[in-house]
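Trainee: Could you take me through the salt bridges in this protein chain, one at a time? I would like to see where each partner sits.

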Amino acid sequence: MDVTPAARPTGIRLRWSVVLSVVAAVVTLFVVAVAAGKQIQAHANEPPVYSTTREMAEAIGCTSSYVDTVSAGPTSAGECTVNGERVVLRTFRNIGEAMVWLDGVVWASEERPLGGIGPNYVVQTYDSETMNAVSAAMG
């Protein structure tokens with residue numbers, strides 16, 4: 001008769017070890033999923049960042065009238081026509097540069113255009129309805 005009393009406690013310890021490992025893995029996955037969800041939610045309300053003014057024109061829907069332009073300061077400059085109105089588009093490395101540029105621009109006319117600013121871009125036009133449409137399209 002072979003009696004091995006030590007075999008039974010070892011098997012129970014092994015099963016508990018496996019159960020605890022599975023519970024730890026599930027808890028870890030849950031924590032990671034919650035953290036990822038919070039990260040996604042935190043960024044869901046942020047306005048989009050555009051690499052180029054051509055990307056902005058695509059978002060607005062004015063690629064057929066889009067032209068590249070030259071401007072001191074921006075990383076990308078362009079303009080297009082929306083609702084028959086000229087829309088000026090500029091991208092920058094960050095919002096600080098965009099604000100400095102917007103504050104420092106000298107206008108040929110006394111009337112300043114309406115301006116919209118994002119995390120790395122500036123949009124300008126003289127028409128309020130066009131500005132509203134552009135702002136809505138850009139998010």
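This is a predicted model: local features need pLDDT of at least 70, side-chain atom pairs count only at pLDDT 80 or more; totals for chains, interfaces and linings use all residues.

Mentor: Happy to. Residues are numbered from 1 along each chain as its sequence is written, and side-chain values use heavy atoms, with hydrogens and water left out.

Now to the pairs. A salt bridge here is a side-chain nitrogen of Lys or Arg within 4 Å of a carboxyl oxygen of Asp or Glu, and the count by this rule is 3. Asp68 pairs with Arg54, their closest N and O atoms 3.9 Å apart. Because Asp68 belongs to strand 1 (residues 67-68) and Arg54 to helix 2 (residues 53-60), this pair ties together parts 14 residues apart in sequence. For accessibility, buried means under 20% relative accessible area, exposed over 50%, and partly exposed in between (1.4 Å probe, protein chains only). Asp68 is exposed at 54%, while Arg54 is partly exposed at 38%.

Next, Glu79 meets Arg86 in a salt bridge at 3.1 Å, N to O. With 48% relative accessibility, Arg86 is partly exposed.

Finally, Arg93 and Glu97 form a salt bridge whose closest N and O atoms are 2.8 Å apart. Here Arg93 is exposed at 65% relative accessibility, and Glu97 is partly exposed at 22%.

Terms used: Helices (H or I, at least four residues) and strands (E, at least two) are DSSP runs, numbered from the N terminus.
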